[in-house]
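Dear colleague,

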Amino acid sequence: MELRRNPRVSPVAAASVVLLVALCSVLEIRASDPVFYDSFDEPFQGRWVVSEKEDYKGRGILGSREMSNPQKKRNFQIEAFKHKVVVDPKYADKTWKILEHAIHEIYNHNASGLSFEELYRNAYNMVLHKFGEKLYSGLVSTMTAHLKEISKSIEDSQGGLFLEELNRKWNDHNKALQMIRDILKYMDRTFIPSTCKTPVHELGLILWRDNVIYSPKIRSRLLDTLLELVLQERTGDVINRGLMRNIIKMLMDLGSSVYQEEFEQPFLDVSAEFYKGESQKFIESCDSGEYLKKAEKRLYEEIDRVTHYLDAKSEVKITNVVEKEMIANHMLALVHMENSGLVNMLLDDKYEDLGRMYSLFRRVPNGLSTVRDVMTSHIRDIGKQLVSDPEKLKDPVEFVQRLLDEKDKYDGIIGSAFGNDKTFQNALNSSFEYFINLNPRSPEFISLFVDDKLRKGLKGVSEEDVEVILDKVMMLFRYLQEKDVFEKCYKQHLAKRFLSGKTVSDDAERSLIVKLKTECGSQFTSKLEGMLTDRKTSQDTMQGFYSSHPELSEGPTLTVQVLTTGSWPTQSAVTCNLPAEMFSLCEKFRSYYLGTQRSEAVMANQYGDG
Amino acid sequence: MRKEDTVKLISSEGFEFVVDKKAAMVSQTIRNMLTSPGSFAEAQLGEVTFPEISTTILEKICQYFYWSLQYSSGKETEFPIEPELTLELMMAANYLHT
């Protein structure tokens with residue numbers, strides 16, 4: 001093929017160039033090591049085909065020589081291959097040596113003089129020339145060697161400095177690892193995914209774990225040291241929390257399974273032992289309230305410990321351990337403790353202790369139900385005592401007052417210490433119901449109590465207080481099973497009150513009857529309401545009578561209650577002889593009344609009252 | 001441009017291109033170089049030498065950086081590449097992880 005020295009590109013020349021390139025590639029493939037990229041280390045001259053394009057003439061890239069004798073072109077191809085074959089094995093070793101040296105420097109904190117670009121380029125070239133495997137295994141062995149050295153130096157460190165040394169070396173390792181990863185980024189990007197090996201960063205962590213943490217001496221020493229520090233803190237010493245946090249973080253970075261096996265599991269076991277012993281000690285020496293205080297303190301301490309230097313996921317686990325050892329195992333003992341158990345707390349109104357017991361027992365299964373059961377049985381006992389005590393029963397008012405006091409007390413306890421827990425409220429209600437109905441005379445007593453209050457007890461008391469007392473009575477009323485007995489008694493008492501005019505306040509009467517109506521329905525209170533209306537009517541009638549007979553105001557005053565038959569309880573009539581003036585007055589009234597009302601037969605029952 | 005915001009890229013022939021750091025960081029490799037924790041020489045001196053990248057290619061690459069920033073901030077223009085440069089440009093791009 002003859003090419004003229006003509007700068008103009010002819011189609012033939014172009015075609016020949018293409019053919020040449022094709023030939024080159026074919027021959028390259030047949031060679032042992034297909035290389036598609038040329039190393040920039042060797043000069044280009046003599047190995048590349050000089051382009052004929054005008055633009056490139058004289059540029060530095062492809063050699064500044066003039067286009068040489070075209071016949072030499074064919075020879076170029078053959079020479080090129082010879083070069084490549086010779087360079088490669090030495091080249092790989094040379095490059096690796098550079099990188100190995102760099103890694104050494106990095107680990108020895110000498111990296112400041114290194115050129116990133118050079119190292120990156122070397123790594124890049126190695127991977128490109130298919131020496132990725134060599135690079136990777138070289139990396140592994142170098143790092144392992146370094147880590148073994150490091151582990152040795154950590155082992156040799158004296159007692160107290162062990163953790164600090166470990167921490168420092170860990171930080172160094174991390175820094176070095178990052179630098180190495182940056183240099184070997186290309187390998188990370190291309191070689192590793194295609195061969196499914198572990199990336200550099202993970203590799204560094206795994207090697208650290210295997211060579212340092214899992215090394216027999218360090219492994220056990222690390223665990224012992226950490227547990228020792230925790231124990232020290234539990235017994236009151238101050239430890240270096242920052243250091244602990246770093247070490248724990250290191251374990252977490254190495255993998256959550258590492259953290260769990262190397263630290264968390266033994267930590268939980270040791271803690272369980274510790275708290276078992278401690279709870280035993282406390283139970284024997286303190287009373288219930290104090291024990292609860294201590295248990296609470298330990299619980300908060302552990303939570304605090306987790307926030308400061310443990311993995312957040314450990315919080316649940318360690319609190320379970322504490323709860324189990326200190327609370328669940330001693331629940332019954334605490335509740336039934338002599339002189340300071342739940343019963344005593346209830347009797348003495350120890351709100352703080354009760355509140356603490358509630359919040360601690362809430363954390364363990366069956367905690368609250370135990371407390372509830374004991375409280376219920378205690379209330380029932382007290383109540384039973386109360387209703388069967390003959391002394392107390394002599395004074396019904398006093399009796400009911402006692403009941404009210406007890407109810408108040410327990411309401412207070414449930415409200416402030418037990419957080420108004422519904423289940424406790426229910427337990428209280430059921431207990432009261434139980435023992436109030438043990439005494440068959442309870443309804444009568446309650447009615448007497450109300451009677452007493454409405455006669456004189458509520459004199460001078462403000463309206464709200466009246467309401468409060470009546471509400472409390474209603475509460476007791478609800479517990480009664482024999483509500484109709486109550487109704488009967490109440491009716492009688494009410495009648496007596498009205499007819500003797502001894503009621504303190506009509507409004508109070510009315511309000512109580514309304515409450516009863518809301519509770520039991522109008523059927524229940526129909527008679528009572530009838531009585532109330534009658535009273536009102538009578539008063540009006542009296543007024544009417546006196547206003548129509550003004551001359552009688554000088555004489556004896558007559559108070560007449562007009563009662564509807566059936567509403568009022570019947571009493572046998574006691575006939576009494578009225579003095580003459582009274583008699584005439586009565587007749588006058590009767591005629592007046594019969595005149596004003598179209599009423600049925602009026603039975604003159606006189607309730608003698610002097 | 002202030003000194004702190006710039007970085008010098010040096011080609012194989014010794015041509016120096018001073019570019020914004022932001023532009024240079026378009027290349028992941030250069031970004032790693034400059035932000036690596038170790039105290040490598042490049043980060044300290046603020047200049048990076050590329051003994052394997054020629055001036056023409058490096059110039060094209062710097063143009064690419066600026067074009068890339070422009071493109072991602074909305075202005076979508078074309079980036080012309082001469083066919084003769086493609087091969088070396090591609091290899092350099094692979095090297096620089098751009």
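The notes below take each chain in turn and then the interface between them. Please bear in mind throughout that this is a predicted model.

Chain A

Chain A has 610 residues, of which 43% count as buried. Its secondary structure consists of 25 helices, with zero strands. Of the contacts in chain A with a separation of 6 or more, 75% are between residues 24 or more positions apart. The chain exposes about 32,800 Å², and carbon and sulfur atoms supply 53% of that area.

Chain B

Chain B has 98 residues, and 42% of them count as buried. Five helices and three strands make up its secondary structure, and along the sequence these elements follow the pattern β-β-α-α-α-β-α-α. When contacts in chain B between residues at least 6 apart in sequence are considered, 60% join residues at least 24 apart. Chain B exposes about 5,200 Å², with 55% of it supplied by carbon and sulfur atoms.

The interface

The two chains touch through 25 residues of chain B and 28 residues of chain A. Between them they bury about 2,500 Å², and 58% of this lies on carbon and sulfur atoms. On the side of chain B, the residues that lose the most area to chain A are B:Phe40, B:Glu52 and B:Tyr95, which together account for 30% of what that side buries.

B:Glu52 also takes part in a salt bridge: its side chain meets that of A:Arg121 at 3.5 Å, N to O. The count of salt bridges between chain B and chain A is one.

Which elements give two or more residues to the side of chain B that touches chain A? They are α2 (28–35), α3 (41–45), β3 (47–49) and α5 (86–96) of chain B. The element that gives the most is α5(B), with four residues. Sorted by class, the side of chain B that touches chain A has 10 nonpolar, 11 polar and four charged residues.

For a first look at the interface, the pair B:Glu52 and A:Arg121 marks the salt bridge, while B:Phe40 and B:Tyr95 are among the residues of chain B that lose the most area to chain A.

With kind regards

Terms used
Residues are numbered from 1 along each chain as its sequence is written. Chains are lettered from A and ligands numbered from 1 in the order in which they are written. This is a predicted model: local features need pLDDT of at least 70, side-chain atom pairs count only at pLDDT 80 or more; totals for chains, interfaces and linings use all residues. Side-chain values use heavy atoms; hydrogens and water are left out. Contact means heavy atoms within 4.5 Å. Buried area is the accessible area (1.4 Å probe) that two parts lose on being put together, summed over both. A salt bridge is a side-chain nitrogen of Lys or Arg within 4 Å of a carboxyl oxygen of Asp or Glu. Ala, Val, Leu, Ile, Met, Phe, Trp, Tyr, Cys and Pro count as nonpolar, Asp, Glu, Lys and Arg as charged, and the others, Gly among them, as polar. Buried means under 20% relative accessible area, exposed over 50%, partly exposed in between (1.4 Å probe, protein chains only). Accessible areas come from the Shrake-Rupley method with a 1.4 Å probe; for residues, only the protein chains shown count as cover.
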